[in-house]
Amino acid sequence: MRKLLLGFIGFLLIGNPLYGQRKEIFRAFEDSFIPLHHEILNERNAVIRYQKNEKLLKRVEDALKLRNSINYGFDSVKTISILTSPDKKVRVVTWFLIAESGTHEHFGFVQAYSSEEGHYVVYPLTDCWQRIINPTTQVLTSETWFGALYTQIIQTKDDDKTYYTLLG
């Protein structure tokens, strides 16, 4: 019993600081997303706008690749859509920038749990809306994504399969 108690106290002493440190890392990422996306939205120079967007892409991807990132909500980020399914198996992160033509270009990632690999995998989304003819009949992938800013994720089950519907 004494060993069990000492083990539990050791876990608390070692585990809690690690959790706190990880939470601080996620908060730092979150705090960097907000001003960077505002800069992107307000930047008049297209070259600088895309350079800043590349920075944001890298930061979001780095954050999503961290262990346990699915458990951090990034709740203070308001201009980037961050949706997590109720079962925490899928997270979709999307945002846009305004191109020189006045159209929106969308960017994002899907973070999904892979039972084969035993961890979350991050898939970058490539907006191909301009090349997709008749998108309502197409089967698309992360490389051929019809870009959107998603506002809701709906999880449904049919027999043993789980489906996710995105509204955007």
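**Salt bridges and a surface patch**

Reader: Which side chain does Glu39 meet in a salt bridge?
Author: The side chains of Glu39 and Lys52 pair up, N to O at 3.1 Å. A salt bridge here is a side-chain nitrogen of Lys or Arg within 4 Å of a carboxyl oxygen of Asp or Glu. This is a predicted model, where local features need pLDDT of at least 70, side-chain atom pairs count only at pLDDT 80 or more, and totals for chains, interfaces and linings use all residues. Residues are numbered from 1 along each chain as its sequence is written, side-chain values use heavy atoms, with hydrogens and water left out, and the partner you want is Lys52.

Reader: How many residues apart in sequence are the parts that the Glu39 and Lys52 pair ties together?
Author: Glu39 sits in helix 1 (residues 2-42) and Lys52 in helix 2 (residues 46-65). Helices are DSSP runs of H or I, at least four residues, numbered from the N terminus. So the pair links parts separated in sequence by 13 residues.

Reader: Is Lys65 buried or exposed?
Author: Lys65 forms a salt bridge with Glu61, closest N and O atoms 3.3 Å apart. Buried means under 20% relative accessible area, exposed over 50%, and partly exposed in between (1.4 Å probe, protein chains only). With a relative accessible area of 54%, Lys65 is exposed.

Reader: Which residues do salt bridges that share partners join into one network?
Author: Lys52 also meets Glu43 in a salt bridge, 3.7 Å from N to O. Through shared partners, the network's members are Glu39, Glu43 and Lys52.

Definitions and conventions:
Helix = DSSP H or I, 4+ residues; strand = E, 2+ residues; numbered from the N terminus.
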